[in-house]
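This report describes a ligand and its surroundings. Please look at the sequence and the structure before reading on.

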Amino acid sequence: MGECERLQEILERISRACERSGRDPKEVTLLGATKTVPPEKIRKFYECGLKVFGENRAQEFLKKYEALRDLPIDWHFIGRLQTNKVKYLIGKVSLIHSLDRESLADEIQKRAEKNATVQEVLIEVNIGSEETKGGVYPEGLKKLAEYVLSKNNIRISGLMAIPPYREDPEEVRPFFARLRSLKEELERELGMNLPHLSMGMSHDFEVAVEEGATIVRIGTLLFGERT
Ligand SMILES: *Cc1c(COP(=O)(O)O)cnc(C)c1O
């Protein structure tokens, strides 16, 4: 199957998941998760119509960003973010999915202010409370969100999570539902609208869409197995 066909097939699966759950497919953005994917391959998918891509590592991001500078790609950052790497991202990525601690908010604020921009972010929640994963634990979400709200050059637009892996995507559904309810709770507590839920990857994105995802992050299914 060619790149464009693969992309079309995934978009159709997203549309069908929307139909099943009474949603408008326009509410869901497909993000290509590009870790280990070379620039030439990203370019092909861009030409097929995929416009949003997300990287995990700052160094890899910078290389691809430079190699694809001629294209108006909408770049996101989706990986664990070290404080000392923030400076490479500001002004280049439209959305950081992985804000998970106060020190990172401090650094994003500092760099965004210096750059005279407002950085849009999602707060990453460790929805399965797994020690090996990034993200703020659900108990700490409200406090972190309030902290971030006090920063003038950061705008929170929603939540992101990487739930525990389960062979059967139906077993992941409760984690997606939990993230959605955390978002709704937070919207009430903060008195503001949070439009985005970034959740769902290659093996579970349809369930994520049924549970309200507005951004699905897909790597393997688009680009093939990582080597
Ligand atoms: C790798 C990655 C993805 C995509 O994973 P696939 O299973 O290959 O679709 C999505 N989100 C994040 C944060 C990732 O690191």
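Which residues are around the ligand? They are A33, K35, N56, I78, I162, M201, S202, R217, I218, G219, T220 and R226, where a residue counts if one of its heavy atoms lies within 4 Å of the ligand. The model is predicted, so local features need pLDDT of at least 70 and side-chain atom pairs count only at pLDDT 80 or more, while totals for chains, interfaces and linings use all residues. Residues are numbered from 1 along each chain as its sequence is written, and side-chain values use heavy atoms, with hydrogens and water left out.

By class, this shell has 5 nonpolar, 4 polar and 3 charged residues. Ala, Val, Leu, Ile, Met, Phe, Trp, Tyr, Cys and Pro count as nonpolar, Asp, Glu, Lys and Arg as charged, and the others, Gly among them, as polar.

| Residue | Polar atom in | Distance to a ligand oxygen |
|---|---|---|
| K35 | side chain | 2.6 Å |
| G219 | backbone | 2.8 Å |
| T220 | side chain | 2.5 Å |

Taken alone, the ligand exposes 390 Å², and the protein buries 90% of that (Shrake-Rupley method, 1.4 Å probe).

The ligand takes up the space of the largest pocket, with more than half of its atoms within 2 Å of the pocket's grid points. A pocket is an open set of points on a 1 Å grid over the protein atoms alone, where a 1.4 Å probe fits, with protein on both sides within 12 Å along at least five of seven lines; lining residues have an atom within 4 Å of a point. The volume of the largest pocket is about 370 Å³, counted as the space filled by probe spheres set on the points, which are joined across faces, edges and corners. Its lining has 20 residues, and K35, N56, I162, M201 and R217 are the closest to its centre. By class, the lining has 6 nonpolar, 8 polar and 6 charged residues.

Methods. A polar contact is a pair of N or O atoms within 3.5 Å; within protein, one must be able to donate a hydrogen and the other to accept it, and residues adjacent in sequence count only if both atoms are side-chain atoms.
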